[in-house]
Amino acid sequence: MSRWAHPKKDIREALYDAAAADGFEVEDTSAHGHGWGYVRCKECGQKFSVWSTPKSATSHAKQIRQFMRRHSHKDEVTGQ
């Protein structure tokens, strides 16, 4: 697991879930701008932007998990 850490606990936990899951990559790009970074689906390449200070950390963490559910491509391969 990488050495990055998000300042908001709810978001940090969602990012750890994404990093531990197969098919997702988490990257901290906070040194390069206003956003914190992103979660990328390795299968299709789409990215979800992660903000440093969202209005609601809980809602933003839920959005990260929704992105992960939508990009669970293993069902497409197996047909299950």
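Author: Start with burial: buried means under 20% relative accessible area, exposed over 50%, and partly exposed in between, using a 1.4 Å probe and protein chains only. This is a predicted model, where local features need pLDDT of at least 70, side-chain atom pairs count only at pLDDT 80 or more, and totals for chains, interfaces and linings use all residues. Residues are numbered from 1 along each chain as its sequence is written, and side-chain values use heavy atoms, with hydrogens and water left out.

Reader: Which residues in H1 are buried?

Author: Helices (H or I, at least four residues) and strands (E, at least two) are DSSP runs, numbered from the N terminus. Helix H1 covers 9-20. Its buried residues are Ile11, Ala14, Leu15 and Ala18. They cover an arc of only 100 degrees around the axis, so they sit on the same side of H1. The arc is taken from the directions from the helix axis to the C-beta atoms.

Reader: Why do residues three or four places apart point the same way in an α-helix?

Author: An α-helix has 3.6 residues a turn, so such residues point the same way.

Reader: Which exposed residues does the face turned away from the buried side of H1 carry?

Author: Lys9 and Ala20. Lys9 has a relative accessible area of 53%.

Reader: What should the 12 residues of H1 span?

Author: The expected span of a helix is 1.5 Å times one less than its number of residues. For H1 that gives 16 Å. The end C-alpha atoms of H1 are 16 Å apart, which agrees.

Reader: Now the segment before H1. Is His6 buried or exposed?

Author: His6 is buried, at a relative accessible area of 1%. It lies in the segment before H1. The side chain of His6 reaches the backbone oxygen of Trp51 at 2.8 Å. That is a polar contact: a pair of N or O atoms within 3.5 Å; within protein, one must be able to donate a hydrogen and the other to accept it, and residues adjacent in sequence count only if both atoms are side-chain atoms. Leaving out residues up to four places away in sequence, His6 touches Ile11, Arg12, Leu15, Trp36, Val50, Trp51 and Ser52.

Reader: What does Lys8 touch?

Author: Lys8 is also found in the segment before H1. With residues up to four places away in sequence not counted, Lys8 touches Ser52 and Ala57. Lys8 is partly exposed, at 34% relative accessibility. The C-alpha atoms of Lys8 and Thr58 are 9.0 Å apart, although 50 residues separate them along the chain.

Reader: How many salt bridges does the structure hold?

Author: A salt bridge is a side-chain nitrogen of Lys or Arg within 4 Å of a carboxyl oxygen of Asp or Glu. The structure holds 3. Glu13 pairs with Lys9, with closest N and O atoms 3.9 Å apart. Both lie in H1, 4 residues apart, about one turn of the helix.

Reader: Which parts of the chain does the pair Arg65 and Asp17 link?

Author: The closest N and O atoms of Arg65 and Asp17 are 2.7 Å apart. This pair links distant parts of the chain: Arg65 in H2 and Asp17 in H1, 48 residues apart. Arg65 is partly exposed, at 29%.

Reader: Where do Arg40 and Glu25 lie?

Author: Arg40 forms a salt bridge with Glu25, the closest N and O atoms being 3.0 Å apart. Arg40 is in strand S2 and Glu25 in strand S1, 15 residues apart.

Methods: Contact means heavy atoms within 4.5 Å.
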